Amino acid sequence: MFFIYWKSSYSETFINLFSCYIFPVQRTIDLTDLFALLVLPFSWYLYAIAQRKTYFNAPLAGLITLFSFCATSMPRQLLRFEQPQYVLFNSTDHLIDSNFVDQGFKFHPFDHLLAVEIDYMELNRESVKDDDFNKNLYLRDLDQKVLKELPGQSKIIPPNQINKLKIHTNNYEDDVVFKGSRLHGKFLRKSKDQILIDGQFKNGIADSVWTFTDPSLNTSIKRTFKNGETTLIEEFKFSKLASSKSINTRQQTRIFKGLHLAILLLFCIAIVIKLRKNHKTKEPLSPDIKILYKSLLSISLPFLTWLIQLIICAVIPDHYSDFFNEIYNFLLIYAIGLPVFMIILFGFKPRRWTDVLWYCLLFSLLFVFWRETVTLSLLLEN
């Protein structure tokens, strides 16, 4: 019954609330999946037959199957454009049927020209950081990407040809300038003679200062771009500056990640020095400590380590993770931490009980250091 509810449109409200307040989930409404329920009569038949004793864990099998039907496909990674995006093509007299192309496209035909408005496009892989640098990488050959989605009658316009167009829709009017197939120059979006968006394009990428105005609220937002990346966001209310926020570029993010790694490494070195000093100057803890206590500590300390690394990651700026990554990290920390803490408690024999916590903090810092190293390497790939 839950499976039927989950695959139907009636679960949409629950999924939206769950995604908003806990963590985002995605589900495709596909009633053909209900054919899987045909297995139930066979299961009922086999259940009625006397079974031999088995050591297979049925609840564990149920948990695995629950995960398998909840995670059969990755969610679509969509790149949405904050600044309006158009590409221009030479076109034949035949109009394109929008039912056979991506839903993120809107078509505006002119005499032997076709302007394609792009609301979003699907990414091939998840980006390490959702920023303007990643968006600009995708925008470099946006015209080629869109052309692949269109029927064969559309063609790229010569790169030096200039076209100035007015694109009318039910809600707004856009004044655009194309150089070749890409936006280049002044961009204006108006509604009832009020300017909603005022900006500048350079080879299809946002440049200089963009202003987004909401006349109904008497507010406007100015975004300053440098080499296509946002560096400053200013919000104005009734023409007065209400807030201002500086944004790190990708290069600045890389530099700060390097500083984060250096700080984490210094903390690790300091803890190692302290533990070594205690090891030389203090006597081991009493050998009378029960094995049960050491075993319980070995089991619980990996969980504490995971919590500490969560707190450290929350403090580090520009840290990127999600719910399922944290589950993976918990399992990884537990798989590595359990034998490590058993070796520490039963082999190294800590000098103080506080040393156990220092080992726990050291392991957390080392794990965060590894995560940040992976993030920096991904940031440096592009």
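Contact here means heavy atoms within 4.5 Å. The views come from a predicted model, in which local features need pLDDT of at least 70, side-chain atom pairs count only at pLDDT 80 or more, and totals for chains, interfaces and linings use all residues. Residues are numbered from 1 along each chain as its sequence is written, and side-chain values use heavy atoms, with hydrogens and water left out.

View 1. Glu 117 has 4% relative accessibility and so counts as buried (buried is under 20% relative accessible area, exposed over 50%, partly exposed in between; 1.4 Å probe, protein chains only). Neighbours within four places in sequence aside, Glu 117 is in contact with Gln 85, Tyr 86, Gly 104, Phe 105, Lys 106, His 108, Tyr 172 and Arg 189. With the side chain of Tyr 172, the Glu 117 side chain makes a polar contact of 2.8 Å (a pair of N or O atoms within 3.5 Å; within protein, one must be able to donate a hydrogen and the other to accept it, and residues adjacent in sequence count only if both atoms are side-chain atoms).

**View 2. A nonpolar surface patch that includes Phe 2 and Tyr 5**. The patch is formed by Phe 2, Tyr 5, Tyr 10 and Phe 14, which together have about 460 Å² of accessible area (Shrake-Rupley method with a 1.4 Å probe; for residues, only the protein chains shown count as cover). Patches are made of residues with over 30% relative accessible area and no salt bridge; like charges are joined within 9 Å, and nonpolar side chains (Val, Leu, Ile, Met, Phe, Trp, Tyr) within 5 Å. A salt bridge is a side-chain nitrogen of Lys or Arg within 4 Å of a carboxyl oxygen of Asp or Glu. Phe 2 belongs to helix α1 (residues 2–7) and is partly exposed at 46% relative accessibility; Tyr 5 is also partly exposed, at 32%.

**View 3. Tilted aromatic pair Phe 367 and Trp 370**. Ring centres are 5.5 Å apart and the planes lie at 50°, so the pair is tilted (rings of Phe, Tyr and Trp, the last by its six-membered ring, pair if their centres lie within 6.5 Å; planes under 30 degrees apart count as stacked, over 60 as edge-to-face and the rest as tilted). Because Phe 367 and Trp 370 are three residues apart in helix α10 (residues 353–381), about one helical turn separates them. Phe 367 is buried at 7%, whereas Trp 370 is partly exposed at 41%.

Technical notes:
Helices (H or I, at least four residues) and strands (E, at least two) are DSSP runs, numbered from the N terminus.
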